[in-house]
Protein chains: 2
Amino acid sequence: MPATAIYRNLRTTDNKLVDIACADGKLKAISPAGTATGDGQAMDCKSQLVLPALVESHLHLDKTLWGMPWRPNSAGATLKDYIANERKVLREVNVPIARRAGSLLEQCIARGSLHIRSHIDIDPEIGLRHVEAMLQLREAYRDVVEMQFVVFPQTGLLIQPGTAELMEEALKMGVEAVGGLDPAGIDNDPIRHLQIVFDLAVKYGKGVDIHLHDRGELGLWQIERIADFTAATGLKDKVVISHAYCLGMFPTSRIEALGRRLADLGISLMTSAPADTSVPPVDFLKALGVNICCGSDGIRDAWTPLGNGDMLERAMLLAFRFEWAKDAELVSAFDSATYAGARALGLSGYGLEPGNAANFVILPAETLGDALARRPAERRVVSHGRVVAEGGSFLDTRLT
Amino acid sequence: MPATAIYRNLRTTDNKLVDIACADGKLKAISPAGTATGDGQAMDCKSQLVLPALVESHLHLDKTLWGMPWRPNSAGATLKDYIANERKVLREVNVPIARRAGSLLEQCIARGSLHIRSHIDIDPEIGLRHVEAMLQLREAYRDVVEMQFVVFPQTGLLIQPGTAELMEEALKMGVEAVGGLDPAGIDNDPIRHLQIVFDLAVKYGKGVDIHLHDRGELGLWQIERIADFTAATGLKDKVVISHAYCLGMFPTSRIEALGRRLADLGISLMTSAPADTSVPPVDFLKALGVNICCGSDGIRDAWTPLGNGDMLERAMLLAFRFEWAKDAELVSAFDSATYAGARALGLSGYGLEPGNAANFVILPAETLGDALARRPAERRVVSHGRVVAEGGSFLDTRLT
């Protein structure tokens with residue numbers, strides 16, 4: 001039920017007081033405060049700040065334990081230990097994805113994310129179960145939040161025979177992007193890994209989103225190969241490399257040519273702005289034209305207990321990561337949680353412009369910098385013209 | 001007006017349901033839920049989590065612009081630019097410290113900090129004005145929050161003739177600790193710098209808290225010298241080194257002996273857990289017995305626009321800094337914002353034990369990990385037995 005309504009006296013991030021008129025769920029007009037006319041309910045927003053709906057570019061909804069009783073992290077030391085531990089934890093918890101992922105999804109919505117990309121695990125053991133559950137979840141919230149999925153070979157692609165076939169099945173079922181995972185470091189055959197991923201993307205007209213944790217030269221070399229495949233397959237603007245820690249491990253002079261290549265090919269980078277490892281030098285790469293977005297990654301799952309799904313907090317963490325202080329830097333951090341995310345995800349009709357979906361966040365903050373520093377929970381989240389969350393709570397829960 | 005009251009049905013961090021009885025502002029007894037008897041009002045806390053009051057170990061209250069209109073960061077590139085810019089900004093803003101610092105102080109209280117160490121700038125230009133204002137501020141909030149001060153030579157000690165004399169004056173006025181600032185990197189004469197700092201501390205029976213940003217071997221060498229002075233002056237347990245980035249720049253084998261020395265001399269470390277530089281390896285040093293606490297450092301001032309005075313958030317940032325995930329690691333992060341801070345500051349009667357001041361925080365969280373991950377703003381802050389803040393607001397504002 002998209003709404004027709006007028007939101008009055010909103011402060012934009014460039015400090016103008018405006019009214020926003022919505023009709024049938026679309027943003028109809030932005031006009032100086034006090035001038036909007038139209039049908040539907042009017043709400044006085046009392047000079048609160050308005051932001052475009054937040055964009056969560058990298059989440060693992062199917063892994064989360066959000067809404068479940070607290071469970072101490074029980075993983076061992078190695079990546080293999082973590083993967084095995086996750087299987088064990090999710091078996092033991094034995095709560096449907098609809099419940100766990102739905103609980104976190106409602107939290108993300110309450111914090112203002114209305115455009116979300118989630119990875120979905122697939123492997124011969126879990127088969128297509130997670131995919132099926134996530135597709136149902138998407139349907140259940142389709143009127144509120146725009147979700148897109150990446151089929152993610154968490155335990156490897158080539159080293160887990162049968163996985164490529166399952167990925168293909170998931171794409172047929174409606175998943176939007178083909179995932180990959182450390183083609184060299186985990187799958188041991190990077191070119192064949194990328195060949196499968198890009199072949200699937202081309203065959204089904206999908207995007208690509210590759211988890212790349214491999215470090216140092218091994219990481220850089222794979223980014224070059226991902227660029228090769230992107231160029232060869234014509235998937236310009238449709239490829240995301242997630243994490244890409246390796247780009248932060250070299251002097252910027254060493255990665256300048258590669259950065260230009262990423263910009264030319266429209267390959268986006270996604271970072272969760274981790275503090276315990278290197279991250280791509282965001283300002284340097286953005287200046288070259290590389291699109292860089294932010295995501296939460298895992299939230300309260302068998303990997304990490306931290307995270308709260310607040311993309312304003314993620315933008316703050318990105319600013320914190322680089323000790324950004326200038327307003328332009330804060331705008332850049334915010335961009336990674338909004339417009340850059342929309343570009344990476346290939347969203348159409350995103351942003352506070354007439355004709356787009358009326359998706360925005362209203363919160364008691366003076367400026368964008370103030371919003372990033374304080375991140376008040378008392379936000380009103382407007383989806384398709386109507387308030388769907390208030391005071392940190394989703395108003396129309398679908399959890400059973 | 002310390003209170004006599006009973007707080008019923010509180011969940012402790014080790015998951016017991018208890019009542020806390022307070023009498024005349026002291027914590028009188030902790031007993032199983034439903035068993036407390038005594039005078040005064042009773043409040044049912046409905047199984048919310050109780051935490052000891054948070055300890056803010058490193059703040060610059062006199063620098064903040066909190067509560068003022070947003071001001072874009074205007075600093076130049078170098079440390080000298082930042083110092084000059086700060087002078088300019090505070091002149092232009094021209095708002096009394098009582099207003100700026102008081103505004104931030106009330107925010108810190110609302111987030112649960114009831115024990116706060118703030119540095120106070122001193123130099124020949126500002127003289128004792130900041131010290132006088134901060135001493136007045138302390139008086140105005142003495143019934144609610146325990147504050148202690150460090151006299152801080154922000155523009156240098158030896159390179160600013162007259163500063164040592166002003167520092168001595170501040171100590172006579174009641175400031176608790178002698179500050180220092182990069183004895184080598186800024187003041188250019190490390191031994192004479194430390195001699196002055198430690199002489200003043202001994203003469204007036206004060207503590208020491210030195211800002212040490214100097215990096216690499218230069219930093220380590222100064223930590224050794226601070227240890228020499230601590231041993232020679234008998235100031236065991238009374239010295240804090242703030243930041244100490246250098247300790248994170250070496251393999252742990254290189255700093256093990258130094259770590260043991262810090263532990264032996266009771267020299268505490270303070271970190272704000274920055275993500276853009278190295279920080280002391282907290283788990284390694286804690287295992288050696290070094291006391292490590294957390295602080296916010298500057299909040300919304302001429303140096304940085306970030307920060308919100310929430311020490312639960314700072315503890316989260318410490319966990320985030322090291323990608324801590326295990327419950328024991330989250331306890332360690334929380335310790336840095338509570339008990340380790342109390343040790344560093346030499347607080348007596350701190351913590352949830354009978355006989356101590358009844359200072360605690362009640363919040364809707366399931367476990368300590370949940371509290372760190374979500375950091376809900378709806379906290380009830382109890383100081384000397386009475387609720388002084390609720391829902392993110394200090395209930396008894398003294399701002400005029």
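This is a predicted model: local features need pLDDT of at least 70, side-chain atom pairs count only at pLDDT 80 or more; totals for chains, interfaces and linings use all residues.
Colleague: What is the crossing in which H9(B) passes H10(B), left-handed or right-handed?

Modeller: Right-handed. Residues are numbered from 1 along each chain as its sequence is written, while chains are lettered from A and ligands numbered from 1 in the order in which they are written.

Colleague: What does the pLDDT of chain A say?

Modeller: The mean is 96, and 100% of the residues of chain A reach 70 or more. That is the predictor's confidence in each residue, on a scale from 0 to 100. The model scores ipTM 0.97 and pTM 0.97.

Colleague: Why are H9(B) and H10(B) called oblique?

Modeller: H9(B) covers residues 311–321 and H10(B) residues 327–336, and their axes cross at roughly 135 degrees, coming within 8 Å. Under 35 degrees is roughly parallel, over 145 roughly antiparallel, 65 to 115 roughly perpendicular, and the rest oblique. The pair is therefore oblique.

Colleague: Which residues of H9(B) and H10(B) meet?

Modeller: Ala315(B), Leu318(B) and Ala319(B) of H9(B) meet Glu329(B), Leu330(B), Ala333(B), Phe334(B) and Ser336(B) of H10(B). Contact requires C-beta atoms, placed from the backbone, within 7 Å. Six of these residues are nonpolar, one is polar and one is charged. Nonpolar covers Ala, Val, Leu, Ile, Met, Phe, Trp, Tyr, Cys and Pro; charged covers Asp, Glu, Lys and Arg; the others, Gly among them, are polar.

Colleague: What makes H6(A) roughly parallel to H7(A)?

Modeller: The axes of H6(A), residues 216–233, and H7(A), residues 252–265, cross at roughly 30 degrees and come within 10 Å. That angle makes H6(A) roughly parallel to H7(A). The crossing of H6(A) with H7(A) is left-handed. H6(A) contributes Leu220(A), Ile223(A), Glu224(A), Ala227(A), Thr230(A) and Ala231(A), and H7(A) contributes Leu258(A), Arg261(A), Leu262(A) and Leu265(A). Seven nonpolar, one polar and two charged residues make up this contact.

Colleague: At what angle do H5(A) and H6(A) pack?

Modeller: About 35 degrees, with the axes 10 Å apart; H5(A) spans residues 190–204. H5(A) passes H6(A) in a right-handed crossing. Among the residues of H5(A) that meet H6(A) are Pro190(A), Leu194(A) and Phe198(A). The contact of H5(A) with H6(A) has seven nonpolar, two polar and one charged residues.

Colleague: How do you know how chain A and chain B are related?

Modeller: A rotation of 180 degrees, with 0.0 Å of shift along its axis, superposes chain A on chain B at RMSD 0.0 Å. The two copies are thus related as by a two-fold rotation axis. Ala275(A) has the C-alpha of chain A nearest the axis, at 2.6 Å. The same surface serves both copies: 100% of the contact residues of chain A recur in chain B.

Colleague: How many residues does each chain give to the contact?

Modeller: Chain A gives 29 residues and chain B gives 29 residues. H9 (311–321), H10 (327–336) and H12 (368–374) of chain A each supply at least two residues of the side that touches chain B. That side has 14 nonpolar, six polar and nine charged residues.

Notes:
Copies are superposed by least squares on the C-alpha atoms of residues with pLDDT of at least 70 in both. Two residues are in contact if their C-beta atoms, placed from the backbone, lie within 7 Å. Axes are lines fitted to C-alpha atoms, for helices over the stretch in contact, and angles run from 0 to 180 degrees between N-to-C directions. Helices (H or I, at least four residues) and strands (E, at least two) are DSSP runs, numbered from the N terminus. A crossing is left-handed if the near helix is turned anticlockwise from the far one by less than a right angle, and right-handed if clockwise.
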